[in-house]
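Thanks for coming, everyone. Please have the model open while I talk, and follow along on your own screen.

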Amino acid sequence: MPFYHKLGDIPRVKHTTFYKKDGKSLYREELYSSKGFSGIYSNKYYIHMPTSVESVREIKPFADAAWPDAPVLYFHFFTDKKVTKGDFISSRNLFLKNAHCRISTAHPSQDTDRFFRNAYHAELVFIHRGTGKFVSEYGQIPFVEGDQIIIPRAVTYQLKFDSYADNKIVIVESSTAYEVPRKYRTDYGQILEDAPYCERDFKLPEYMTPHDESGKFVVVLKAGERYFEHTLPWHPFNVVGWDGYLYPFAFNIKDYHPKVGRIHLPPPVHLAFNTGHFIVCNFVPRPYDFHPNAVPAPYFHSNIDSDEVLYYIDGDFMSRTGVVSGSITLHPGGMPHGPQPGRTEASVGAKETKEWALMIDTYEPLVPTIHVKETVDPAYAQSWLGGD
Ligand SMILES: [Fe+2]
């Protein structure tokens with residue numbers, strides 16, 4: 001996060017004695033920092049030592065999802081056709097992956113007492129359907145449909161849904177941090193006037209009464225493709241206060257202010273967040289280009305050094321036929337892509353689009369998993385044939 005936030009009780013001076021109410025025992029301070037000691041950080045104050053672990057065991061909650069002979073081709077697949085019952089951890093299905101980015105969806109259908117901590121990846125959790133609370137040692141963030149919850153590495157958290165009848169989330173894991181793009185920030189980090197959002201659009205953690213509870217608390221720790229259950233003797237949310245710049249937050253796609261041009265503007269105008277290895281764009285309803293002869297649908301294009309993934313949320317997507325809410329398309333690098341037959345002509349003269357979508361452009365190739373094979377639209381790759 002690019003700005004300072006503070007919740008709960010913290011000492012006047014950091015790294016000094018901070019006593020509990022008995023006046024004798026100390027709260028435990030943890031510096032939670034990035035890029036060694038050179039990046040943004042926070043200081044958290046626990047009732048109990050954050051290092052207490054009673055036991056650890058490796059678990060294998062997911063079958064191997066590899067699809068070793070997947071072709072390099074255009075893909076369209078239906079993520080709502082792959083539904084695994086389970087909690088916000090076990091219901092995940094991985095569709096696309098590379099060394100720096102992993103894209104999964106989930107339909108959480110049950111609550112859990114388990115906690116989750118992603119050791120090697122930051123996460124963007126998009127709430128497609130469902131409402132509830134994201135809870136972590138930093139406090140709680142109530143979420144609604146359209147929220148993109150940005151979770152730094154190693155935050156311990158739970159997703160508590162209000163109901164378990166019809167939830168859908170998209171999880172985009174990143175080996176590097178999600179950041180507000182540099183071009184949206186001043187030299188001091190404040191978000192610029194012409195950015196598509198500002199600080200007040202971000203949902204920050206709200207204060208939550210510390211959980212001073214002993215017992216057996218299970219944290220599922222994900223480390224790359226390995227999973228461990230760590231059993232802790234204390235509830236992990238026993239934090240009385242914290243301050244700093246490094247913490248989870250949320251931004252709703254409905255708060256994204258789009259830009260339009262006289263002629264078609266390329267996808268960087270839809271940029272929301274970047275990481276070291278991919279970008280995330282928000283496509284939202286907006287007026288179309290206003291040149292009298294404008295072609296609003298995109299031209300055919302080759303992004304020679306990136307793969308392009310679109311997750312379709314809602315509305316009529318201007319360049320695609322056959323996609324539905326919950327569809328994903330993958331257009332790999334090394335192949336040109338563009339509107340399907342008839343879509344360019346149909347866009348001429350149109351005044352607005354009502355599309356809602358997330359786009360993830362990765363700088364390294366993505367590998368489809370077996371879940372893509374199971375849910376694929378078999379006609380998509382040849383859908384441009386006969387278009388002229
Ligand atoms: Fe594209």
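Start with an open sheet of six strands, in the order β5-β24-β23-β26-β21-β20. The pairing in this sheet is antiparallel. Its edge strands are β5, residues 75–78, and β20, residues 271–274. Each of those two pairs on one side only. From one strand to the next, the twist averages 20 degrees. Keep in mind that this is a predicted model.

Strand β5 pairs with β24, residues 327–331, in the antiparallel sense. How many bridges link β5 and β24? Four. To find your place, look for Phe78, which stands opposite Ser327 in β24.

Next sheet. Here four strands form an open sheet, in the order β1-β18-β3-β2. The pairing is antiparallel. Why is one side of β1 and of β2 left without a neighbour in the sheet? Both strands, β1 at 5–8 and β2 at 28–33, stand at the edges with a single partner strand each, so one side of each has no neighbour there. Ignoring direction, neighbouring strands of this sheet are turned by 15 degrees against each other on average.

Look inside that sheet. Strand β3, residues 41–46, pairs with β18, residues 239–244. They are antiparallel, over five bridges. Lys44 stands opposite Trp242 in β18.

Take β4 first, residues 55–59. Is β4 well covered or hardly covered? Hardly covered: among its five residues, the count of buried ones is zero. Strand β4 does have a partner, β17, residues 226–234. Five bridges join them, and they run antiparallel.

Then turn to β14, residues 168–174. Seven of its seven residues are buried, so this strand is largely enclosed by the rest of the structure. Check both faces. Lys168, Val170, Val172 and Ser174 point one way from β14. Ile169, Ile171 and Glu173 point the other way, and all of these residues are buried.

Which strands pair with β14? One is β7, residues 101–106, joined to β14 by six bridges and running antiparallel. There, Arg102 stands opposite Glu173. Another is β9, residues 122–129, which is antiparallel to β14 over seven bridges. In that pair, Ala122 stands opposite Ser174.

On to the core. In soluble globular proteins, nonpolar side chains tend to be buried together. The largest nonpolar core here has 82 residues. Which of its residues touch the most other members? Val309, Tyr311 and Ala357. This core draws at least three residues from each of domain 1, which is 52–63 + 83–237 + 246–253, and domain 2, which is 258–382.

Stay with Ala357 for a moment. Leave aside its neighbours within four places in sequence. Ala357 is then in contact with Phe283, Leu310, Tyr311, Tyr312, Ile313 and Phe317.

Last stop: Pro61. Where is Pro61? In the loop between β4 and β5. Is Pro61 buried or exposed? There are 12 other C-beta atoms within 10 Å, and the cut-off for exposed is 12 or fewer, so Pro61 is exposed.

Pro61 still has contacts. Not counting residues up to four places away in sequence, Pro61 touches Ile89, Ser90 and Tyr227. Now compare chain and space. Pro61 and Arg226 are 165 residues apart along the chain, yet their C-alpha atoms are separated by 9.4 Å.

Terms used. Residues are numbered from 1 along each chain as its sequence is written. This is a predicted model: local features need pLDDT of at least 70, side-chain atom pairs count only at pLDDT 80 or more; totals for chains, interfaces and linings use all residues. Two strands pair if DSSP finds at least two bridges between them. Axes are lines fitted to C-alpha atoms, for helices over the stretch in contact, and angles run from 0 to 180 degrees between N-to-C directions. A residue is buried if 20 or more other C-beta atoms lie within 10 Å of its own, exposed if 12 or fewer, and partly exposed in between; C-beta atoms are placed from the backbone. A nonpolar core is a set of buried Ala, Val, Leu, Ile, Met, Phe, Trp, Tyr and Cys residues joined through C-beta atoms within 7 Å. Domain bounds come from an automatic or database domain assignment. Two residues are in contact if their C-beta atoms, placed from the backbone, lie within 7 Å.
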